[in-house]
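Visitor: Please show me the assembly, and then let us examine the terms used to describe it.

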Amino acid sequence: MQIHQIGRQITLTSRLDDLGHLPLKELKTLGGGTAVGMDPIGTKEGDWVFTIANSAARDAAGDKRLLSDLTVSGIIDNWQDIINPDDK
Amino acid sequence: MQIHQIGRQITLTSRLDDLGHLPLKELKTLGGGTAVGMDPIGTKEGDWVFTIANSAARDAAGDKRLLSDLTVSGIIDNWQDIINPDDK
Amino acid sequence: MQIHQIGRQITLTSRLDDLGHLPLKELKTLGGGTAVGMDPIGTKEGDWVFTIANSAARDAAGDKRLLSDLTVSGIIDNWQDIINPDDK
Amino acid sequence: MQIHQIGRQITLTSRLDDLGHLPLKELKTLGGGTAVGMDPIGTKEGDWVFTIANSAARDAAGDKRLLSDLTVSGIIDNWQDIINPDDK
Amino acid sequence: MQIHQIGRQITLTSRLDDLGHLPLKELKTLGGGTAVGMDPIGTKEGDWVFTIANSAARDAAGDKRLLSDLTVSGIIDNWQDIINPDDK
């Protein structure tokens, strides 16, 4: 799993039906990159979360039919202990 | 999922039958790289899209028999908020 | 499989039910990065471990229903031979 | 999917039976790296191809029992438009 | 698939049962990194091999129940043609 910080919600046109109705969120990686995750738990911008990838991401989204390869799966409480600016 | 910008359509010889008839598009990554995605939604060059990888990519292409490991799954409306030249 | 060093235990709010009750641990990569793994074997901070990713990670967690894409699967005894500061 | 250029054919000892009889080819990545792909379409050194990874790679090889995580799936006709020395 | 050079055998405590009895070997990547692979073919330190990842890795290990995401699948005979110090 990976640690990400929640960014903006993404709005789409030409959205595939099997994406369902869960919000898609911009995710900032620790290395400075950008990914997109499905968010079944209701996070807000700035939250530090952990995400599950690949086949388990579909189950994490709550329904194996949903199309997701990266799903937000929990908000990290003790992120101050882990996201340490000293070792970034 | 990842954010990509649509490039050229790719034309192939010796194409495998199970690739189906959907167009294959060059995808530019935020980090400056290049990938190839199957495009079931009809994008045009320059569109900012999000893509689904791996096993979910086949369902996203509309038919589990189609051979795809990366499928274009939506056009991003608010890309100006997300693709920010300041933090690239 | 990858080699990781165990860091802090991660505490979560809004935890998905199918994560089960196994601890989630911060994992330090050899390249200086950070990941998160499910820990079914009871490691402690500083242990050098090897981890299994993707679909095998769910079986490694002991139950295919558990949501994991990275599972701690063994403590490396001879890490001094392998984690050599000279070639890092 | 990824874009690769075909390199040398790889010859193996201690080859696993389930690799079948398709040739294995060295693949040069756009970023300067090296991978290995199964080649069911008969490419020659120097061809620019696109490759399919992971679970779809096995179907692309023509038989789900074949062991492949990366399969050459088409020769790119218009590679001059896409592999542009200016943006490498 | 990837090309790796065999390093040390890894010895484990707290080994999961479903890892079976095949040796686990340190693998050196062409880029200077380190991974771990299951070795069903009996390689020795210094051999250049190719490895299969993800779901096919379990079949390559000889038994779908074995936990492996990276399995050594053949020794490369003509590595001198491919591992060229000039382009590393």
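**The interface of chain B and chain D**

Guide: Chain B and chain D bury about 1,900 Å² between them, with 57% of it on carbon and sulfur atoms. Buried area here is the accessible area (1.4 Å probe) that two parts lose on being put together, summed over both. This is a predicted model: local features need pLDDT of at least 70, side-chain atom pairs count only at pLDDT 80 or more, and totals for chains, interfaces and linings use all residues. Side-chain values use heavy atoms, without hydrogens and water.

Visitor: What makes D:Asp59 and B:Arg58 a salt bridge?

Guide: The term requires a side-chain nitrogen of Lys or Arg within 4 Å of a carboxyl oxygen of Asp or Glu. The closest N and O atoms of D:Asp59 and B:Arg58 are 2.9 Å apart, and the pair therefore qualifies.

Visitor: Why are β2(B) and β6 of chain D called paired?

Guide: Strands (DSSP runs of E, at least two residues, numbered from the N terminus) pair if DSSP finds at least two bridges between them. Two bridges join β2(B) to β6 (residues 70-76) of chain D, so the antiparallel strands meet the criterion. B:Thr13 has D:Ile75 as its bridge partner in β6(D).

Technical notes. Residues numbered from 1 in each chain as written. Chains lettered and ligands numbered in written order. Helix = DSSP H or I, 4+ residues; strand = E, 2+ residues; numbered from the N terminus.
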